[in-house]
Amino acid sequence: MRLRLGKSSPILLVICSLWLCLTPAYGDPGYPSGLIRDGGFVQIHCFDEDKAPVVQQVLRDYFDVLDDSMSSKRQRLYSIYVSRSSIKYGVDPFILASVMIQRSGLSWVLEEGGYYGLMAIDWEKHRRWITEDHPRVQSRRVLCKPVINVRIGADLMSRNLKRSGMNYDVMIRNEYDDFPGAYEVIWEHYRNMARLFRERIEDDRF
């Protein structure tokens, strides 16, 4: 059936505009079957800058549980880097953090097997587009700076997500399951943070 635009077209345009504004700008990514509810909840709220303090608090608390020797300053900075990069590149902040935790163990000085920094980025594999799209990053030394590493990791994750048909489950299996058990570890960290985030939003603690 063909849609006919007559006198009602201005109303239709307004409705379409509202729909576009209310639809997440980053698509509707897929999650594993057991995490669809939590992932969907995160998608609704995590890109709202008003919820950034909640995202950051969940990240800080989780980092503290994982490594109580990490300074509160570093916990705060990492949470900010993840939250801001998540919004900038349209990726779930808790998946970004989960990958970071699994790959580097929160060590920003990671240099192992060609992988560098918090997000364990393969410099040789990605150097060309990184140096083109991030002209200030021309060396591994700069790449390892936490704020830059997380930002580039989020950019890479955004590209990987698009290549995976906007499906996080497929993306994790295809792009980040490169060590035994990595897939399961990433999703376990995600489950913990996503549910904590949901509880805090629903309890209206912030």
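This is a predicted model: local features need pLDDT of at least 70, side-chain atom pairs count only at pLDDT 80 or more; totals for chains, interfaces and linings use all residues.

**Stop 1: the whole chain.** Switch to a cartoon view. The protein chain has 10 helices and 3 strands. Trace the chain along its sequence and you'll pass α-α-α-α-α-β-β-β-α-α-α-α-α. There are 206 residues, and 47% of them count as buried. Now think about who touches whom: among contacts with a separation of 6 or more, 62% are between residues 24 or more positions apart.

**Stop 2: two loops by the strands.** Select Leu-106, in the loop between helix H5 (93-104) and strand E1 (111-112). Its phi is near 70 degrees, which is a positive value in a residue other than glycine. Is Leu-106 buried or exposed? It's buried, because its relative accessible area is 7%, and the cut-off for buried is under 20%.

Next, jump to Ala-120, in the loop between strand E2 (115-116) and E3. Ala-120 isn't a glycine either, yet it has a positive phi of about 50 degrees. With a relative accessible area of 4%, Ala-120 is buried.

**Stop 3: the largest pocket.** How much space lies in the largest pocket? About 240 Å³. Then colour strand E3 (121-122), helix H6 (123-133), helix H8 (146-163) and helix H9 (168-176): each supplies at least two residues of the lining. H9 gives the most, with 4 residues. Colour the lining by type and you'll get 6 nonpolar, 4 polar and 7 charged residues.

Stop 4: In soluble globular proteins, nonpolar side chains tend to be buried together. Here, the largest nonpolar core has 56 residues. Helix H10 (residues 182-202) contributes the largest share of the core, 8 residues.

Zoom in on Ile-95. Which residues does Ile-95 touch, not counting those up to four places away in sequence? They are Tyr-31, Met-157, Tyr-168, Met-171, Ile-172, Trp-187 and Tyr-190.

Stop 5: Select His-45, in helix H2 (residues 36-45). His-45 counts as buried because its relative accessibility is 18%, and buried means under 20%. Leaving aside neighbours within four places in sequence, His-45 is in contact with Lys-51, Phe-197 and Ile-201.

Now find Ser-83 in helix H4 (residues 72-89). Ser-83 counts as buried as well, at 3% relative accessibility. Not counting residues up to four places away in sequence, Ser-83 touches Ala-52, Val-55, Gln-56 and Leu-59.

**Last stop: the cysteines.** A disulfide is a covalent bond between the sulfur atoms of two cysteines. How many disulfides does a search of the whole structure find? It finds 0. Select Cys-46 anyway: at 3% relative accessibility, it counts as buried. Finish at Cys-144, which counts as buried at 7% relative accessibility.

Key: Residues are numbered from 1 along each chain as its sequence is written. Side-chain values use heavy atoms; hydrogens and water are left out. A disulfide is a pair of cysteine sulfur atoms within 2.5 Å. Buried means under 20% relative accessible area, exposed over 50%, partly exposed in between (1.4 Å probe, protein chains only). Contact means heavy atoms within 4.5 Å. On a 1 Å grid over the protein atoms alone, a cavity is a set of points where a 1.4 Å probe fits but cannot get out, and a pocket is an open set with protein on both sides within 12 Å along at least five of seven lines; lining residues have an atom within 4 Å of a point. Grid points are joined across faces, edges and corners, and a volume is the space filled by probe spheres set on the points. Ala, Val, Leu, Ile, Met, Phe, Trp, Tyr, Cys and Pro count as nonpolar, Asp, Glu, Lys and Arg as charged, and the others, Gly among them, as polar. A nonpolar core is a set of buried Ala, Val, Leu, Ile, Met, Phe, Trp, Tyr and Cys residues joined through side-chain atoms within 4.5 Å.
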